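Student: I have a new structure to read. Can you take me through it, feature by feature?
Tutor: Gladly. Let us look at it together.

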Amino acid sequence: MQTLKAVLLARRSIPALRFLPSSRNLSIETTAAREDDLQNQVLVEGKASARAAILNRPSVLNALTTTMALRLKKLYESWEDNSDIGFVMMKGSGRAFCAGGDVVNLYRLLNEGKVEDCKDFFRNLYMFIYILGTYLKPHVAILDGITMGGGAGVSVPGTFRIATDRTIFATPETLIGFHPDAGASFYLSHLTGHLGEYLALTGEKLNGVDMLAVGLATHFSMSARLDWIDERLAKLVTDDPSVIDSSLAQYGDVVYPDKKSIVHRLEMIDNCFGRETVEEIIDALESEAARSNQEWCISALKKLKEASPLSLKVSLRSIREGRYQTLDECLIREYRMSLHGILKHVSNDFCEGVHAKLVDNTLTPKMVCTMQWDPPSLDRASEDMVDYYFSPLDEFEPELKLPTQLREAFI
């Protein structure tokens, strides 16, 4: 699996940033306590020849913050530079691996006028994702529980992903007036056929077995057996991805998609979501729904009609462009798109969507769609609006800078 990652065996010398100063060195007690709390958002486990980063905000499903992105970046750079560490792992606390970025916090920052803090979040998260996608050591992510949006961003670009019977995957950003980001336009666009467009536009959920079947996961394990697998991995002393792959295969579970699996409707998904425009996709779905009356088709139509019309058009184009771009190119473009989205120059859909869906979830999807999306319909989401999301940032706004000269992105 992941044969492209064989380049992991070729060692390169990359400068590493050091850990943040320990909070114990701070003289003011309240500052030290705050620093301890920030450090605790990502815990560390030491193993024989590995290190594990544990996302640790269980009360909010391990939603990512700027602090977490920065800490992950520093930890991973330090571990990559440490010859005693053969491979790296990532896990989540509680019932989620990671539900994505903390968009509620971003919403509040925007309302407080702290736009620069929001930019810092996207910049540091995307930087970490690029580091993960070009990491020189094998990486094992254990996706036990909810894995959505940015949670997939900090796991899918790595070498191995273990899905479980508790895994729930989705990229539901169009339903909050945003676009699948954090590298989603790269990994979704490289799925079979037009599955990426389907997942990006509808936010449809996949279970762990389906993740394995379509290639978003590399291995599967029952959640109850994870402690046993973790114990076996902890004893491995290796930096060889093939050894880790064999161990995961040996200790994992063999599973097969059931009758309701997405793999049985890939041809119909291709037929509908391979169309050129969102309007044509919806027309094709309506025709398929009238012909077959299949539940997945009716559900997809419902989700598309609840989503932000502008986000649908922006997301479709993003996936289509991602099919011909490297990871770094996707992240740089997504950074532009994200900033254009939060700065409200064209639409306030992100803030409206987060408020309706996550802050004040008493509103119904129908109310959100008909009363609050701007523009309110697909025919009013013009090409000029969509083009703006893909346009370069203005001369006073720096583009995302990734260390592409030091770290080569995989194609």
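Tutor: Begin with a pair of strands. Strand E1 (residues 42–46) and strand E2 (residues 50–55) run antiparallel and are joined by five bridges. Keep in mind that this is a predicted model.

Student: What holds strands of a sheet together, and in which senses can they pair?

Tutor: Backbone hydrogen bonds pair the strands of a sheet, in either the parallel or the antiparallel sense. Now take the sheet with four strands. It is open, its order is E4-E6-E8-E9, and its pairing is mixed.

Student: Which strands stand at the edges?

Tutor: Strand E4 (96–98) and strand E9 (206–207) do. Each has a single partner strand, so one side of each has no neighbour in the sheet.

Student: In which sense do E6 and E8 pair, parallel or antiparallel?

Tutor: E6 and E8 pair in the parallel sense, over three bridges. Within this part of the sheet, Met148 stands opposite Ala170 in E8.

Student: Now helices. Why does the length of helix H14 make sense?

Tutor: Count 1.5 Å a residue. The 14 residues of H14 (residues 309–322) should then span 20 Å, and the end C-alpha atoms are 20 Å apart, so the two agree.

Student: Is H14 mostly covered or mostly open?

Tutor: Mostly covered, with 11 of its 14 residues buried. Among them are Leu310, Ser311 and Val314. Lys313 is also one of the buried residues.

Student: How do I look for empty space?

Tutor: Roll a probe the size of a water molecule over the atoms, and it shows where empty space is left. In this structure, the search finds two cavities of 30 Å³ or more. The largest cavity has a volume of about 90 Å³.

Student: Which helix gives the largest share of the lining of the largest cavity?

Tutor: H14 does, with three residues. H14 and H16 each supply at least two residues of that lining. The lining includes Leu310, Ser311 and Val314, as well as Phe178, His179, Asp349, Phe350 and Tyr389. By class, it has five nonpolar, five polar and one charged residues.

Student: What volume does the largest pocket hold?

Tutor: About 980 Å³. Of the 37 residues lining the largest pocket, Ala99, Val103, Met148, Pro172 and Leu358 are the closest to its centre. There is Met148 again, the residue opposite Ala170.

Student: Which elements each supply at least two residues of the pocket lining?

Tutor: Helix H3 (103–111), helix H4 (115–133), strand E6 (146–148), strand E8 (168–170), helix H13 (295–306) and helix H16 (349–359). The lining has 21 nonpolar, six polar and 10 charged residues.

Student: Where is Arg108 found?

Tutor: In helix H3. Arg108 counts as partly exposed, at 48% relative accessibility. Arg108 and Cys118 are 10 residues apart along the chain, and their C-alpha atoms are separated by 9.8 Å.

Student: Which residues should I check for backbone angles?

Tutor: Start with Ala182. Its phi is near 55 degrees, a positive value in a residue other than glycine. Ala182 lies in the loop between E8 and helix H6 (184–187). It counts as buried, at 1% relative accessibility.

Student: What about Lys344: what is its phi?

Tutor: Phi of Lys344 is positive, about 65 degrees, although Lys344 is not a glycine. Lys344 lies in the loop between helix H15 (327–342) and H16. Lys344 is partly exposed, with a relative accessible area of 36%.

Student: Which residues does a cis peptide bond join?

Tutor: Asp374 and Pro375, with omega about 5 degrees. Look for Pro375 in the loop between helix H17 (365–372) and helix H18 (383–389).

Key:
Residues numbered from 1 in each chain as written. Predicted model: local features only at pLDDT ≥ 70, side-chain atom pairs only at ≥ 80, totals over all residues. Heavy atoms only, no water. Expected span 1.5 Å × (residues − 1). Buried < 20%, exposed > 50% of the residue type's maximum accessible area, 1.4 Å probe, protein only. 1 Å grid on protein atoms, 1.4 Å probe; cavity = no way out; pocket = protein on both sides within 12 Å on 5 of 7 lines; lining within 4 Å. Points joined across faces, edges and corners; volume = space filled by probe spheres on them. Nonpolar A, V, L, I, M, F, W, Y, C, P; charged D, E, K, R; others polar. Pairing = 2+ DSSP bridges.
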